[in-house]
Amino acid sequence: MPENKYKCKFRGEVCRGHREMRNGYRAMTLWFCGLSGAGKSTIAHAVEKRLFDEGARTYTFDGDNVRHGLCGDLSFSPEGRAENIRRISEMTKLFMDAGTICLCAFITPEHNSQQRLRGMHEDGDFFLVHVDCPVEVCEERDVKGYYKLAREGKIKNYTGISAPFDTPESPDLRLDTTSCNIDECVDQVFAFLKEKISLLDVK
Ligand SMILES: Nc1ncnc2c1ncn2[C@@H]1O[C@H](COP(=O)(O)OP(=O)(O)O)[C@@H](O)[C@H]1O
Ligand SMILES: [Mg+2]
């Protein structure tokens, strides 16, 4: 653990480095982006379950637990979406300071936001995972029935139908949820964690 990890950024005797040392692994954020229905929530929760079972402190941020509260005042306009992402990101930074592994499941449709997220984090803190699935398959899955409403024009600005999704240019990991099942995708996330980050033994 680098020395500066023990310098508290904020007032206090206990800081992130101490908490990480006690936990036995580093805090980080895995940010799952992709179209609605691609599998972000399913995979984020499955990864969290496995991490939790291995003893890690985790938290999953998903549309439902932030859009109603913390970001309940925001619209789905480009400005509203950008502010949504900014607030969540500031929140995950505090959670990382608390030593938590954050799993985030948000469409994050714009290159701007995807890049800004990277810029807001220090190296090794943030990993962008593109949950990749063609819009035709997402529409067929139509988990929430929103694609149908978007096609009928009853929902405006729906990503993939009436609003763009910018395919991430250089995600840290890409999961193809048409050719891999849920377990295989979770395995790929764990392989990535073990290889890239030397996630200290989470036991
Ligand atoms: N490999 C896969 N990974 C994740 N979800 C998958 C996969 N294959 C099929 N699915 C299904 O696709 C749907 C994805 O829904 P959800 O996770 O809510 O998407 P999102 O959060 O991206 O909007 C679920 O019904 C899930 O069972
Ligand atoms: Mg979801």
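Read along the sequence, the protein chain runs α-β-α-β-α-α-β-α-β-α-α-β-α. That comes to 8 helices and 5 strands (DSSP runs numbered from the N terminus: helices are H or I with at least four residues, strands are E with at least two). The model is predicted: local features need pLDDT of at least 70, side-chain atom pairs count only at pLDDT 80 or more, and totals for chains, interfaces and linings use all residues. Residues are numbered from 1 along each chain as its sequence is written, chains are lettered from A and ligands numbered from 1 in the order written, and side-chain values use heavy atoms, without hydrogens and water.

**Overall shape**

**Around ligand 1**
- The shell holds 16 residues (each with a heavy atom within 4 Å of the ligand).
- Gly37, Lys40, Ser41, Thr42 and Cys180 are the closest.
- Helix 2 gives the most to this shell, with 4 residues.

- A polar contact here is a pair of N or O atoms within 3.5 Å.
- A backbone N or O atom of Cys180 lies 2.6 Å from a nitrogen atom of ligand 1.
- The side chain of Arg141 has an N or O atom 3.3 Å from an oxygen atom of ligand 1.
- For Leu35, a backbone N or O atom is 3.5 Å from an oxygen atom of ligand 1.

Key. A polar contact is a pair of N or O atoms within 3.5 Å; within protein, one must be able to donate a hydrogen and the other to accept it, and residues adjacent in sequence count only if both atoms are side-chain atoms.
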